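Subject: Structure for you to look over

Dear colleague,

Please have it open while you read.

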Amino acid sequence: MRHNAALGFLSLFSSLAAATQIPGYPGFHSIWSDGFSGGAGQSPNGGQWTTVTNLHVNNEVEDYTTSNQNVQLSGGDTIQFVPHRSASGQWTSGRIESKATFTPQQGKVMMVESMIRFGDGPSNRQQGIWPAFWMLGDSIHHGTEWPRCGELDIMERINGQFTGYGTTHCGYSKSGGPCNEPNGRFETVAISDNGWHRWSLKIDLTNSDWRAQTIQWLYDGRVYHTLSGGTIGDAAIWGSLAHSPLFIIFNVAVGGDWPGPPNGATVDSWSSMMEVSYVAVYST
């Protein structure tokens with residue numbers, strides 16, 4: 001379903017979108033990418049993405065939809081995830097998942113990267129807003145439960161705070177374990193502003209010893225978190241994170257166990273959006 005009101009505003013808003021060419025890096029080649037080209041108000045490429053609906057997890061309050069009020073191409077080579085609250089107080093939002101999966105290769109480094117910016121709503125009016133760029137182990141599609149499937153959160157942000165989280169979820173139990181479930185094993189980085197920034201994850205399998213292999217989180221090219229196989233301490237669990245197929249997810253959740261529910265001051269629409277300029281997967 002198309003919403004003309006959203007498109008009317010979008011034509012103005014998309015002029016602000018700063019399209020960025022997918023970058024190249026010495027020693028790496030791109031194996032998959034999306035620059036989100038297409039007309040304003042269109043859905044993301046259905047050959048690359050599944051637009052998720054009928055999913056309720058983490059005690060979140062939003063309904064994910066396929067409406068271009070919630071997830072849409074800007075017409076300026078970006079995609080926008082826009083939470084909305086109806087007159088009755090019901091929240092809707094957008095979530096997409098890559099149809100492709102990506103398996104790190106022994107002896108190589110795989111990097112996943114995106115350029116992201118956020119809406120300009122003040123932090124004290126962002127309660128419950130939870131944008132994320134992350135990966136899940138594809139085994140969750142084949143009967144493996146969370147967190148055993150493995151989860152790598154490349155970027156999460158809650159409640160408009162200027163803090164980014166890089167988090168790992170893993171293990172055999174939803175409580176405790178090497179990833180300290182349900183909170184996960186994480187580090188944080190200060191977000192300088194709501195503008196465009198690069199969020200990256202590198203899985204380095206150049207060492208043949210799984211204990212010495214690493215996963216690194218980067219903000220604008222600077223490493224702020226490193227996790228090794230030795231820190232996890234279990235070869236099978238490390239394998240779920242660094243040796244197994246993963247798929248990419250973008251979404252803006254509303255509410256949930258971690259940020260807590262939105263309140264009467266929480267703003268919707270563009271003030272609480274997440275906008276993505278590109279996503280790319282690279283390998284050495």
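I begin with strand pairing: Gly-137 stands opposite Leu-246 in β17, where strands are DSSP runs of E with at least two residues, numbered from the N terminus. Please keep in mind that this is a predicted model, in which local features need pLDDT of at least 70 and side-chain atom pairs count only at pLDDT 80 or more, while totals for chains, interfaces and linings use all residues. Residues are numbered from 1 along each chain as its sequence is written, and side-chain values use heavy atoms, with hydrogens and water left out.

Strand β10 (residues 129-137) runs antiparallel to β17 and is joined to it by 9 bridges; two strands are taken to pair if DSSP finds at least two bridges between them. Strand β8 (residues 95-98) also pairs with β17 in the antiparallel sense, over 3 bridges, and here Glu-97 stands opposite Ile-249.

All 9 of the 9 residues in β17 are buried, that is, under 20% relative accessible area with a 1.4 Å probe and protein chains only. Leu-246, Ile-248, Phe-250, Val-252 and Val-254 point one way from the strand, whereas Phe-247, Ile-249, Asn-251 and Ala-253 point the other way.

The largest nonpolar core has 48 residues, among which Phe-133, Trp-199, Ile-248 and Phe-250 touch the most other members; such a core is a set of buried Ala, Val, Leu, Ile, Met, Phe, Trp, Tyr and Cys residues joined through side-chain atoms within 4.5 Å. Strand β17 (residues 246-254) gives the largest share of this core, 5 residues. A second, separate core of 6 residues includes Leu-136, Cys-149, Phe-247 and Ile-249. In soluble globular proteins, nonpolar side chains tend to be buried together.

Thr-266 lies in the loop between β17 and β18 (274-283), and Thr-266 counts as buried because its relative accessibility is 0%. The side chain of Thr-266 reaches the backbone nitrogen of Asn-263 at 3.0 Å. Leaving aside neighbours within four places in sequence, Thr-266 is in contact (heavy atoms within 4.5 Å) with Arg-85, Trp-91, Arg-125, Gln-126, Gln-127 and Ile-129.

Gln-126 is also among the residues nearest the centre of the largest cavity, together with Phe-118, Gly-119, Arg-157 and Gly-160. The space in this cavity is about 100 Å³.

With best wishes

Notes:
Buried < 20%, exposed > 50% of the residue type's maximum accessible area, 1.4 Å probe, protein only. Helix = DSSP H or I, 4+ residues; strand = E, 2+ residues; numbered from the N terminus. Polar contact = N/O pair within 3.5 Å; in protein donor to acceptor, adjacent residues only side chain to side chain. 1 Å grid on protein atoms, 1.4 Å probe; cavity = no way out; pocket = protein on both sides within 12 Å on 5 of 7 lines; lining within 4 Å. Points joined across faces, edges and corners; volume = space filled by probe spheres on them.
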